[in-house]
Amino acid sequence: MKIHFIGIGGIGISGLAKYMRFSGHEVSGSDMKATHITQRLIDRGIKVFIGHDAANIPEGCDLVIHSAIIRDTNVEVVEAKNRGIEVLHRRDALLRILKEKKVYAVCGAHGKSTTTAILASIMSGSAIIGAESKDFGSNVRYDGSTDVMLFEADESDGSFLNSNPYCSIVTNAEPEHMEYYHYNIDEFHNAYRRFVEMAPIRVINAEDPFMATLECEAIRLYPSQDITNIRYTLIDDEPYTRFTLKNMGEFEVWGFGEHIAMDASLAILAAAQTMSIAAIRANILHFKGIKKRFDVIFKGSDRVIIDDYAHHPTEIKATMESLKIYAELKGFKRIIAIWQPHKYSRTIDNLDAFVECFEGCAELVILPVWAASEEAREIDFIGRFGHYDLTMSDKLHRAGDTIETMIGDAVVKTYDHDLIVGFGAGDLTYQLRGTK
């Protein structure tokens with residue numbers, strides 16, 4: 001088929017585009033701006049247009065797939081429909097792409113990318129992840145020799161219900177993206193229930209308050225009981241967690257924290273349905289983290305810079321606990337937290353929790369909200385976060401191996417010591433790395 005993707009620069013839609021390209025289809029796409037994601041697509045032989053234009057739809061196109069943020073009024077959507085080309089939302093395209101696959105689908109408000117990436121390091125098969133696995137240097141791996149698909153399922157737009165799960169894996173069901181569920185907790189929980197029950201094999205975190213209420217047959221992980229002897233170590237300045245899982249013995253996985261041990265344990269329990277424990281124990285060592293999750297982007301004797309995708313208070317709090325472990329092992333006395341709030345709606349809905357989740361940092365830098373197409377709303381950051389050693393900044397500048405905070409073109413502070421970490425899902429990752 002000849003398939004065109006609108007919004008191809010998004011991590012989710014780019015994954016589908018790469019997978020379909022690897023599957024032998026002719027793929028093109030468009031996005032509003034050039035990024036490292038669009039360049040990676042070009043490097044893989046996919047034609048990418050910057051900007052939306054009716055002329056971008058190729059002659060002989062069989063199918064157009066678009067991301068969640070693309071509206072029906074988009075010029076390429078309108079052009080495709082005028083030409084009689086089938087147009088599918090990414091959510092609906094999943095039904096077709098995954099229907100013949102043996103899908104290990106991982107879902108949850110937190111930890112689903114990490115759990116999927118760990119599972120992809122353990123098991124053979126194709127993989128589509130919402131982040132780049134350092135194991136294979138991409139968010140997609142293609143394996144045409146098997147129908148196994150290791151897939152990060154997204155609850156934010158209900159698309160996890162279209163993932164055709166053979167094995168449903170749930171890290172947690174904390175309420176998030178409630179605008180999609182009309183702020184109706186029953187509607188949200190019912191979606192999770194359907195996701196779990198539609199799979200013949202289910203692996204769940206049974207200490208999640210909602211998951212604990214499910215009565216269906218499932219492989220249940222009770223982290224506080226089943227995961228023991230947690231220990232942390234640094235290997236070449238990289239973080240590793242060692243733990244014992246049930247009666248399966250000891251495992252070692254990249255990363256720090258109880259949440260890492262839990263994510264790894266869910267992946268282990270899912271893989272153990274078809275693999276030996278010895279093979280799992282060996283393969284999990286291939287996992288080297290995922291880009292933008294506790295991503296150590298500079299290591300020096302007097303400073304370390306870490307890029308972290310955490311953009312919900314629960315995620316930030318978990319990462320802060322990992323940072324405290326890392327700082328202690330490295331001998332750092334101070335943690336400098338740089339936060340780019342993601343979406344006005346999320347920030348306001350969780351403001352009380354955001355105020356508390358940075359506890360333990362020596363300084364807090366707050367950047368402008370990454371709006372993600374939302375209308376701007378007033379938030380009193382100085383008033384609410386004033387108990388921290390607070391700096392408000394317009395942007396960051398990477399100067400060599402140091403981080404500078406900026407107001408306009410003026411440097412406010414320079415950070416060239418200590419443990420420096422950036423939290424956010426916007427363009428903060430590029431500011432920290434000094435790239436576009």
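**Salt bridges in the predicted model**

A salt bridge (a side-chain nitrogen of Lys or Arg within 4 Å of a carboxyl oxygen of Asp or Glu) joins the side chains of Lys-330 and Asp-237, with an N to O distance of 3.2 Å. Because Lys-330 lies in helix 10 (residues 313-330) and Asp-237 in the loop between strand 13 (227-235) and strand 14 (238-245), this pair ties together parts that are 93 residues apart in sequence. Helices (H or I, at least four residues) and strands (E, at least two) are DSSP runs, numbered from the N terminus. Lys-330 is partly exposed at 23% relative accessibility, and Asp-237 is partly exposed at 25%; buried denotes under 20% relative accessible area, exposed over 50%, and partly exposed in between (1.4 Å probe, protein chains only).

The structure is a predicted model, in which local features need pLDDT of at least 70 and side-chain atom pairs count only at pLDDT 80 or more, whereas totals for chains, interfaces and linings use all residues. Residues are numbered from 1 along each chain as its sequence is written, and side-chain values use heavy atoms, with hydrogens and water left out.

Across the whole structure, 20 salt bridges were found. Helix 10 also contains Lys-324 and Glu-321, which are three residues apart and thus separated by about one helical turn. Their closest N and O atoms are 3.1 Å apart in a salt bridge. Lys-324 is partly exposed, with a relative accessible area of 32%, and Glu-321 is likewise partly exposed, at 42%.

A further salt bridge links Arg-303 to Asp-302 at 2.9 Å, N to O. Here Arg-303 is buried, at 14% relative accessible area, whereas Asp-302 is partly exposed, at 29%.
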